[in-house]
Every structure is written in structure tokens, then in C-alpha cells.
Amino acid sequence: MAVQKMKIKNIQLSIEEYDSMGDLPSADRQLMELAEQDIKKAYAPYSHYRVAAALSLSNGEIVRGSNQENAAYPSGLCAERVAIFYAKSKYPDACIERIAIAARSDDFVIHEAVSPCGACRQVMAEYEIQQGKDIRVIMKSEQGPVLAVNSINELLPMMFHAEELKKKD
Ligand code: THU
């Protein structure tokens, strides 16, 4: 019989699901309320898909951002990275503790919680490693359950990280 050389590694992810915003722990709910307030500030004339992110930091500050689009499409930036880069440039020593993300479309009802794009997950994941403290992410749209994870690891297992750039003997 041929020797089996291949193994399957299964990865288990833990994602919390809440029926509504009212069921969230209060710190999550308060941050999500701030994110929802900022949806209207998005500049999304092309996709009509508005996203806002609110971050709470270890120094007590809250930083918010919304997606900013551009006629040269790739020049725009997601709400998450607008908020994260601003937070980390203004308060480089503060840890990001929590990120609430909310989305709304001008054209249709969104039925599923917004799920951050791969680039935003990569950015969140690097800061999580750099700060040595997990980042909780709470995700919501207009309808459907609210989702939450306790670490970016649940959103981006097997991430590319800085260690991989270092030469190993
Ligand atoms: N977008 C975000 O801002 N965050 C996400 O998590 C998903 C997508 C933005 C990018 C673009 O402006 C629009 O939503 C449609 O992709």
C-alpha cells in the first residue's frame, strides 16, 4: 500500500453571533453605535456601499473612519484602514483594543454583517502581533446577526507576518 505523504490540517475558528446589537456586551454596543453614526460620512459615490469603523484604544481614545473612494478606483481606502492608520499615526504607542465595523448600501438592504477585506485583515493582524494584545472585531450591517471575534487570528489564520522577512540560519 502506498504511504500517505499528505496530511490535512483543519483550522477551527470561533465567531460569536448575536441576534441583534442589543445583545452585544455594552462596550461593543457603544462602539458600534459610534460606527453606525459615521456611515453617513463615507465618501462612496462609486460603490454606494458605505462603511464606518470605530476603534477604541488603550489610552481611552476613540478613533473613527469611513471609506473614502476615488475616481481612480484603487486610490480609495476602506473604512478600517482609514481609522487604523490615523489611530496609529496619532497614537503610535496605544494599543487597538476593539474595532466596530458597520455597513450600509445606498442601493439595497445588506443582509449579512460586513466582513473586512483581506488587506484590512492583514493590517489589523500585524498591529495585533506588534502590540502583543488581541484586537476584538465586531461586525454589523443592516440585517442579519452581529458577528464578533476576539482576535484577528480568527479572521486571518496563516497570515504573512514580519518574521517571514527575516533570514533564518
Ligand atoms: N469597504 C470598506 O470600507 N470596508 C470593508 O470591510 C469592505 C469594503 C469599502 C471599500 C469600497 O469603498 C466599498 O466598500 C466597496 O467595496
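Visitor: What do the buried residues of α2 pack against?
Guide: They pack against β2 (49–57), β3 (62–66), β4 (96–105) and α3 (118–131). Contact means heavy atoms within 4.5 Å. Helices (H or I, at least four residues) and strands (E, at least two) are DSSP runs, numbered from the N terminus.

Visitor: Is this predicted or experimental?
Guide: This is a predicted model: local features need pLDDT of at least 70, side-chain atom pairs count only at pLDDT 80 or more, and totals for chains, interfaces and linings use all residues. Residues are numbered from 1 along each chain as its sequence is written, and side-chain values use heavy atoms, with hydrogens and water left out.

Visitor: Which residues of α2 are buried?
Guide: Ala79, Glu80, Arg81, Ala83, Ile84, Ala87 and Lys88. Buried means under 20% relative accessible area, exposed over 50%, partly exposed in between (1.4 Å probe, protein chains only).

Visitor: How far does α2 reach from its first C-alpha to its last?
Guide: Helix α2 covers residues 79–90, 12 residues, and reaches 17 Å. That is close to the 16 Å expected at 1.5 Å a residue. The expected span is 1.5 Å times one less than the number of residues.

Visitor: New topic, pockets. Which residues lie nearest the centre of the largest pocket?
Guide: Tyr49, Val51, Cys78, Ala79 and Glu80, out of 13 lining residues. The elements that give two or more residues to that lining are β2 and α2. On a 1 Å grid over the protein atoms alone, a pocket is an open set of points where a 1.4 Å probe fits, with protein on both sides within 12 Å along at least five of seven lines; lining residues have an atom within 4 Å of a point.

Visitor: How do the lining residues of the largest pocket divide?
Guide: Eight are nonpolar, three polar and two charged. Ala, Val, Leu, Ile, Met, Phe, Trp, Tyr, Cys and Pro count as nonpolar, Asp, Glu, Lys and Arg as charged, and the others, Gly among them, as polar.

Visitor: Backbone now. What is phi of His48 near?
Guide: It is near 60°, a positive value in a residue other than glycine. His48 lies in the loop between α1 (26–38) and β2. His48 is partly exposed, with a relative accessible area of 28%.

Visitor: And where does Met158 lie?
Guide: In the segment after β6 (146–149). Phi of Met158 is also near 60°. Met158 is exposed, at 77% relative accessible area.

Visitor: Last one. In what order do the elements of the chain run?
Guide: From the N terminus on, β-α-β-β-α-β-α-β-β. That is three helices and six strands.
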